[in-house]
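Here's a quick briefing to read alongside the structure. Keep the viewer open and follow along topic by topic.

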Amino acid sequence: MEIPYIVNPRKDTGLNNSKIAIWLFLASEVMLFGGLFSSYIFLRIFADYPWPERALPVLPGLVNTFILIASSVTVVFAWAALKLGNWKKFVGYMSFTIVCAGVFMVFKGIEYYHKFHHHAVQTTEFTTVEGHLHKESAPDEHGHTHGGNLFVLQTNEIKFALASYYMPYLDEILKRNGDHEIKFKDNYIVTRVNGDKYQEEIIAKAGDVVTPEQLKVVLAEAKEYYISARTHNQKVRTEALRLAWTKIRTAIKSKDAGDYNELVGLNQYDDAMKVAVAKLHTKLIKENATGILLNDADSLVVALDGTTIKLDPEWGRFGQGDPKNTKEGTKTSLKLKDSTVLSGVAGDSGIEIDVDAIDFRHLVMKAEERDLDVDVEIEKSPILHIKGEGGDKIRKLWATHKVWRDLFTAHLTEKYGEDEEGQPNRVPTEVDLYRVTWKQMVAYERLDYKVESWDDVENNAPTLIEGFSGANHKAFPGVFPNVIIPREQIRFESAFSPKMNNYYAIYFTITGLHGLHVIGGALVLGYYLFFGYGMFKSNPEWLANRVEVGGLFWHFVDLVWIFVFPIFYLM
Amino acid sequence: MANSPEEIKKAVKLYTYIGALLFVFTVITYLVATQPILDFGGHGFDYVDAIIGIAIAAFKASLVALIFMHLNHEKKSIYWIFLGALFFGVVLILLFAFAFLDPITFEGMMPEFGKG
């Protein structure tokens, strides 16, 4: 089929159709990325946590910028070579462009890999430590490894939330419970509804021993009753409410409103009216109490004889706030995401981590909000009170860092002076003050924890190459303290994945979408390279047009990266 | 746009220069963000660094758009399409200004908006 205006311009636009089309597409792309950058600004302005400023290792981003610029140049060269009818040169330049795209994706992959294998743990006091989870435990029956990061709980009691319990969780718990005894802890009483008759029945009797299969049947039954009781009660309550409204409305309409005289002239949105209705509603329910199922208990409790159960930490969290629960190894409870609560004695289930950054910024932010003394609050942080060798090292690191930051503050004041009011012109950033970076850890170790001048650290820090993808545990073994953080002290744990915080969410969204554009662009350009020769022989102008249009897309990909690089890596 | 062989040869030279310029400005962006001696504004990242960083990026982006994407001599219809998109893109980016209308978060901080 003859496609019109592929090479020759249309009279009304003065352009060939492919060019108009690609520009329309790029226009939509501009708005897409514009929207994403807008959300970045929103997230950053309204972040209620210290923004991870200049947190990414810069070198991969910088190298990738060079790669994309180089490929942008070669793609126009390839187009020019085609215009001049030189196929060999076109192949050379286009191959280089596609290799660039590949190398770009490799660096991106290295960067992502290190993000997904780097963890942060935040304590309940908002201290953050980052590092590598130490132990890679043997894979469980599902083939998952948990990296020294499992809930271990000697369970005495499980409280199932009837409306929401999740079968796979239950199966896992029952499997790990093995042959141990399961006993109902409390009665579960239901009321059968049969027309207007209500009949009580115990479906789970306290003290009864059940098999896992029986437990599942009873749970399913209890769930059904619970839901029907709720539905029934809701219906009765709604009817009572409707009746209450009708009664009050009729009363108001009558010449003498009696008890409701004061409501005359009000409408249904007035608080006085609502209060009156609520009162009457409650009264009506009480009067017709026989129509209500009051025993809609929403949970079923079973007792276990202290089985040790290990669970994926993604499934829930240990209870907090109860003073009895604050120490590991004492009575505690584990609340799963489906609202099932396991109670018992916590085992040794802390997170073991090789710490490569200690960050007090969030703690400082919280302390400042409450007008507390920042340094006192930092000293209270559980991270500085961990026993053992790792804990000693963290205390040593923090003590050294405090020496360095004082030296650095003095250096800034000395170098840049003070203003008329005696305030220093330049002050250290929050990162300088409250974060010990992995590079500083390496430097402090090399200096044997004795800092004498502010630039000691800079002179002893790892090189850019050594820190290519962030904290380098391989090149600096023994530098990073190994500690176990008790589970009860942990507020949040995550890899540097989108779940970490909004910064990493938007970082992965924008760079991921950009990466997809790189792959897509490389595929299109690769098609011209590998399957273009026939067209070059038959219709070289058409191929040149195609390459120009593909090139326009490629330049746009470069253009987006030109903004991504400073915004994510340097700001 | 260049079409004759002479024009294209000339254009290729221009592309090389522009490519080199883009490299140089990438290095400048990096240095401005990392070297204390080139740290404008206060110590560390602040709004001055943000303005400088975005300005350099915008300059680089316009070089790419004007030269590599041939916007320097393009037909009118393309300008309309592109400027229209750019307009909406900028509007999207500036949408965050609406957030300052929130009187709870910005009470007292933005006197001209906050009293709403």
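Into which domains is chain A divided? There are three entries to keep in mind: domain 1 (18–118 + 498–570), domain 2 (151–346) and domain 3 (352–495). Bear in mind that this is a predicted model.

**Chain A: layout and confidence**

- Taken over C-alpha atoms, the centres of domain 2 and domain 3 of chain A sit 48 Å apart.
- Confidence for chain A averages a pLDDT of 87, with 92% of its residues at 70 or more.
- Watch out for residues 323–330 of chain A, where the pLDDT is below 50; beyond near neighbours in sequence, that stretch has 16 contacts in the model.

**Chain B: layout**

- Chain B is built with 4 helices and 0 strands, and along the sequence that reads α-α-α-α.
- Of the 116 residues in chain B, 18% are buried.
- Take the contacts in chain B between residues at least 6 apart in sequence: 39% of them join residues at least 24 apart.

**Inside chain B: H1 against H2**

- Helix H1 (residues 5–34) and helix H2 (residues 47–68) of chain B have axes that come within 10 Å and cross at roughly 170 degrees.
- Angles over 145 degrees count as roughly antiparallel, so that is how H1(B) runs relative to H2(B).
- On the H1(B) side, the contact is made by B:Leu14, B:Tyr15, B:Ile18, B:Leu21, B:Leu22, B:Phe25, B:Ile28, B:Thr29, B:Val32 and B:Ala33.
- H2(B) answers with B:Asp49, B:Ile52, B:Gly53, B:Ile56, B:Phe59, B:Lys60, B:Leu63, B:Ile67 and B:Phe68.
- Sorted by class, this contact of H1(B) with H2(B) has 15 nonpolar, 2 polar and 2 charged residues.

**Where chain B meets chain A**

- The contact between the chains draws on 42 residues from chain B and 45 residues from chain A.
- On the chain B side, H1, H2 and helix H3 (76–94) each supply at least two residues.
- H1(B) gives the largest share of that side, with 13 residues.
- By class, the side of chain B that touches chain A splits into 28 nonpolar, 11 polar and 3 charged residues.

- Helix H2 (residues 58–83) of chain A packs with H1(B) at an angle of about 175 degrees, and their axes are 10 Å apart.
- H2(A) and H1(B) are therefore roughly antiparallel to each other.
- From H2(A), the residues in the contact are A:Val58, A:Leu62, A:Thr65, A:Phe66, A:Ile69, A:Val73, A:Val76, A:Phe77, A:Ala80 and A:Lys83.
- They meet B:Ile8, B:Ala11, B:Val12, B:Tyr15, B:Gly19, B:Leu22, B:Phe23, B:Thr26, B:Tyr30 and B:Thr34 of H1(B).
- The class count for this contact of H2(A) with H1(B) is 15 nonpolar, 4 polar and 1 charged.
- B:Tyr15 and B:Leu22 are worth a click: they are among the H1(B) residues that meet H2(A), and they are also listed in the contact of H1(B) with H2(B).

**Helix H11 of chain A and what follows**

- Why call helix H11 (residues 438–446) of chain A largely enclosed by the rest of the structure? Because 7 of its 9 residues are buried.
- Those buried residues are A:Trp438, A:Lys439, A:Gln440, A:Met441, A:Val442, A:Ala443 and A:Tyr444.
- Their cover includes strand E12 (351–359), helix H9 (388–416), strand E13 (435–436) and helix H12 (456–460) of chain A.
- A:Asp448 is not a glycine, yet it has a positive phi of about 55 degrees.
- With 8 other C-beta atoms within 10 Å, A:Asp448 is exposed.

- Look for A:Phe126 in the loop between strand E1 (119–123) and strand E2 (128–133) of chain A.
- A:Phe126 has 21 other C-beta atoms within 10 Å, so it is buried.
- A:Gly102 lies in helix H3 (residues 87–116) of chain A, and it counts as partly exposed with 13 C-beta neighbours inside 10 Å.
- A:Gly102 and A:His514 are 412 residues apart along the chain, with 14 Å between their C-alpha atoms.

How values were computed: Residues are numbered from 1 along each chain as its sequence is written. Chains are lettered from A and ligands numbered from 1 in the order in which they are written. This is a predicted model: local features need pLDDT of at least 70, side-chain atom pairs count only at pLDDT 80 or more; totals for chains, interfaces and linings use all residues. Axes are lines fitted to C-alpha atoms, for helices over the stretch in contact, and angles run from 0 to 180 degrees between N-to-C directions. Angles under 35 degrees count as roughly parallel, over 145 as roughly antiparallel, 65 to 115 as roughly perpendicular and the rest as oblique. Two residues are in contact if their C-beta atoms, placed from the backbone, lie within 7 Å. Ala, Val, Leu, Ile, Met, Phe, Trp, Tyr, Cys and Pro count as nonpolar, Asp, Glu, Lys and Arg as charged, and the others, Gly among them, as polar. A residue is buried if 20 or more other C-beta atoms lie within 10 Å of its own, exposed if 12 or fewer, and partly exposed in between; C-beta atoms are placed from the backbone. Domain bounds come from an automatic or database domain assignment. pLDDT is the predictor's confidence in each residue, from 0 to 100.
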